[in-house]
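Here is a brief report on side-chain contacts and strand pairing. Please keep the model open while reading.

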Amino acid sequence: EPLRGQKAQVWLEVEPNAHPSFDWAIWQDPRIETKETARARLTLTDETVWPLALVGDELVDLDAREVDAVVNMPGGVFLLRARPREIPADAELWELPFEVSFCDKTGMALNEPAFACGIVKETTVGGVTRPGIFAHPPNQGRTYVDFLVHLPQTPLVFKSWVGLGDGSRSTGCEFVVQVNGKEVASKTLLPEDGWQELSADLSPWAGKPIVLSLVTDSYGRFDCDWAAWGEPRLEAAKG
């Protein structure tokens with residue numbers, strides 16, 4: 001987008017993460033697309049009576065089994081049991097309440113898949129132990145750790161260490177940060193990568209209610225995907 005109307009050269013580069021053995025890298029259907037957004041009416045019905053919904057960045061009082069809203073597409077609606085928790089400018093996320101859910105690679109919900117979890121736990125990665133959230137993904141799927149919070153007016157940034165626990169023989173795991181279902185940061189790691197920093201700018205949502213999701217994707221099979229979010233936290237943005 002910053003290069004609109006200009007000549008540009010685009011490089012697609014692949015580098016080995018460690019050694020190049022069997023790095024059969026593929027760019028599937030590379031293309032440049034127009035960036036389009038649209039507004040559309042979305043109606044959801046459920047057997048449960050939901051007190052609230054988060055539509056975009058707005059809270060809507062429901063107390064109903066149906067929500068009818070106009071949303072930005074692609075986009076969605078979060079049905080809520082409680083109001084977002086007010087948090088300070090500095091918050092250690094693993095000390096806050098969160099909800100855990102699981103889905104397969106198509107996005108269908110999974111009920112108690114084997115080995116998948118999202119729990120508060122110390123994890124040792126590369127010989128360094130950090131408190132945080134251990135979030136093993138399901139096979140060919142994702143684990144979601146969701147925080148329902150109301151951000152302060154102070155612009156914040158999300159920061160965390162991410163890595164795979166010592167002894168893991170994982171073939172790779174993806175760590176994704178989402179705000180209201182929109183991806184804002186991601187990193188794919190192997191066990192030998194150790195702890196890596198992952199951050200996301202939350203300033204566009206200052207003063208607003210959000211669902212902040214820490215997502216771990218099995219990135220294929222889930223064998224030994226000992227995925228850990230080390231010291232996930234919110235901090236005041238600098239500058």
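The report below covers salt bridges, aromatic rings, a strand hairpin and a surface patch.

This is a predicted model, in which local features need pLDDT of at least 70, side-chain atom pairs count only at pLDDT 80 or more, and totals for chains, interfaces and linings use all residues. Residues are numbered from 1 along each chain as its sequence is written, and side-chain values use heavy atoms, with hydrogens and water left out.

**Salt bridges**

The whole structure holds ten salt bridges. The criterion is a side-chain nitrogen of Lys or Arg within 4 Å of a carboxyl oxygen of Asp or Glu.

Strands (E, at least two residues) are DSSP runs, numbered from the N terminus.

Arg 142 is buried at 17%. Asp 217 is buried at 16%. Asp 61 and Arg 83 are both exposed. Lys 208 is partly exposed because its relative accessibility is 29%. Asp 57 is partly exposed too, at 24%.

A network of salt bridges also links Lys 159, Arg 233 and Glu 235.

**Aromatic rings**

There are five aromatic pairs. Rings of Phe, Tyr and Trp (its six-membered ring) pair if their centres lie within 6.5 Å; planes under 30 degrees apart are stacked, over 60 edge-to-face, and the rest tilted. Phe 22 and Trp 24 are edge-to-face, 5.4 Å centre to centre with 65° between the planes. Both residues are exposed.

Phe 175 and Trp 229 are also edge-to-face, at 5.4 Å and 80°. This pair links distant parts of the chain: Phe 175 is in strand E14 (residues 173-179) and Trp 229 in strand E18 (residues 227-236), 54 residues apart. Phe 175 is buried at 0% relative accessible area, and Trp 229 is buried at 1%. Ring pairs join Phe 158 to Phe 175 and Trp 229 in a cluster.

The test is NZ of Lys or CZ of Arg within 6 Å of the ring centre and within 35 degrees of the ring normal. Lys 121 lies over the face of Phe 134, 4.5 Å from the ring centre. Arg 130 places its charged end over Trp 161, 4.1 Å from the ring centre.

**Hairpin**

Strands E1 (residues 38-55) and E2 (residues 58-73) run antiparallel, joined by 13 bridges. Strands pair if DSSP finds at least two bridges between them. Ala 38 has Met 73 in E2 as its bridge partner. Two residues separate the strands of this hairpin, and Gly 56 takes a positive phi near 65°.

Definitions and conventions:
Buried < 20%, exposed > 50% of the residue type's maximum accessible area, 1.4 Å probe, protein only. Helix = DSSP H or I, 4+ residues; strand = E, 2+ residues; numbered from the N terminus.
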